[in-house]
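Student: I have just opened this one and would like to walk through it with you. Could we take it piece by piece?

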Amino acid sequence: MGVDPVLLRDQCERTIGETNFEGLGKRIAGKVRDCYVDGDRRTIVTTDRISAFDVVIGTIPFKGQVLNQLAAFWFAKTSRLARNHLLEVPDPCISIARECRILPVEFVYRKYLTGVSKTSIWVAYERGEREYCGHTLPDGMRAHQELPEPLLTPTTKAEQGQHDELTSREELIARGVISAEHYDVAAEIARMLFAEGQKWARSRGLILVDAKYEMALDGEGNVTVIDEIHTPDSSRYWYVDRYEEAMREGSDPPALDKEYLRRWLVERGWTGEGAPPTLPNDVRCEAARRYIEAYERLTGDEFAPSTEEPVERMRRNLGLI
Ligand SMILES: Nc1ncnc2c1ncn2[C@@H]1O[C@H](COP(=O)(O)OP(=O)(O)OP(=O)(O)O)[C@@H](O)[C@H]1O
Ligand SMILES: [Mg+2]
């Protein structure tokens, strides 16, 4: 299990930064994904780009493949709970999805008082705030402590370059961002997915700390789960066995997600303002190692890295050559 360190190092030179395919429809690039929309189909290329504090800071070897395949794993595992957008996975880094009309809310479920970004529940709590997204938090809690209940903490989905904003069910409905009916259906789906994710993660020795869900309406108006679920970009994971120890020592629980990179950036004094520091290859490889470990831990399968020249491979798998 795991990937040869030499292979990882070599792959640093072959990461997928950006794609520009013709003939797949209108190209729309997010921070991590390059999407191509053609009628009711969306071709989603998960690139190797990594974002932190809402800014793209570089590429990580095999990250696109890990994310695409892990999202597909979770969509398959949860398809009996909720409708999702996935139609097929023609390439290690590509999914074809049903094009949907997005509900402009990110449904974030949290079970632990943690985080380092400005919108995270721990940073707000440490500032003395006890009202968070419509929930009242008890006094006297410590960093990384488990919350009494999973909390749904919605944020508005910001335009590119903007930061997402914390909000609440009542505020979203009052502002007409989403109808009460769509909100409640989506919230119930998120609750079920989070419960399922927590259960599965624990059986694999991991804690699903928090998770972000994006929801949309499909052609028939059904609430549909889109984008990605329970990946290391959209969720936070800790190791079950190392959590207790960290809490006893008062240290940060070792995480299996983007937290490694966030902390590396914070240590260099960067939290999203100004130019980000350049990622050295050893940091890129360590991040890759963690993404791959997350994949193997969660799926129980060995990660099979695709080392073929990625653009040519994708063209072939998309039938473009
Ligand atoms: N089935 C779908 N229908 C419509 N839009 C979708 C669908 N699946 C994903 N999307 C949208 O495609 C984009 C995917 O790109 P990406 O994940 O890079 O987005 P982002 O929001 O910029 O990045 P981040 O995940 O860091 O917030 C997102 O805007 C997402 O909402
Ligand atoms: Mg996204």
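Student: What caps the N-terminal end of α9?

Tutor: E309 does, with a side-chain oxygen 3.2 Å from the backbone nitrogen of V311. Such a polar contact is a pair of N or O atoms within 3.5 Å, where within protein one must be able to donate a hydrogen and the other to accept it, and residues adjacent in sequence count only if both atoms are side-chain atoms. Helices (H or I, at least four residues) and strands (E, at least two) are DSSP runs, numbered from the N terminus. Please keep in mind that this is a predicted model, in which local features need pLDDT of at least 70 and side-chain atom pairs count only at pLDDT 80 or more, while totals for chains, interfaces and linings use all residues. Residues are numbered from 1 along each chain as its sequence is written, chains are lettered from A and ligands numbered from 1 in the order in which they are written, and side-chain values use heavy atoms, with hydrogens and water left out.

Student: Which residues are buried in α9?

Tutor: In α9, which covers residues 310-317, P310, R313 and M314 are buried, where buried means under 20% relative accessible area, exposed over 50%, and partly exposed in between (1.4 Å probe, protein chains only). Seen down the axis of α9, these residues fall within an arc of 95°, so they line one face of the helix; the arc is that of the directions from the helix axis to the C-beta atoms.

Student: And what covers them?

Tutor: The cover includes β3 (41-46), β6 (86-91) and β7 (94-98). After α9 comes G319, which has a positive phi near 75°.

Student: Switching to strands, how do β4 and β5 pair?

Tutor: β4 and β5 (residues 55-59) pair in the antiparallel sense over four bridges, and two strands pair if DSSP finds at least two bridges between them. A52 stands opposite V55 in β5, and in the hairpin, which has two residues between the strands, F53 takes a positive phi near 50°.

Student: What about R290 and E286?

Tutor: They form a salt bridge with the closest N and O atoms 2.8 Å apart, and because they are four residues apart in helix α8 (residues 281-299), they are separated by about one helical turn. Elsewhere, salt bridges that share partners join D210, R236, D252, E259, R262 and R263 into one network.

Student: Last topic: which residues have the most contacts inside the largest nonpolar core?

Tutor: They are F107, Y213 and M215, in a core of 63 residues, to which α8 gives the most, with nine residues. A nonpolar core is a set of buried Ala, Val, Leu, Ile, Met, Phe, Trp, Tyr and Cys residues joined through side-chain atoms within 4.5 Å. Apart from this core lies another, of 11 residues, among them L113, A124, Y132 and L137.

Technical notes: Contact = heavy atoms within 4.5 Å. Salt bridge = Lys/Arg side-chain N within 4 Å of Asp/Glu carboxyl O.
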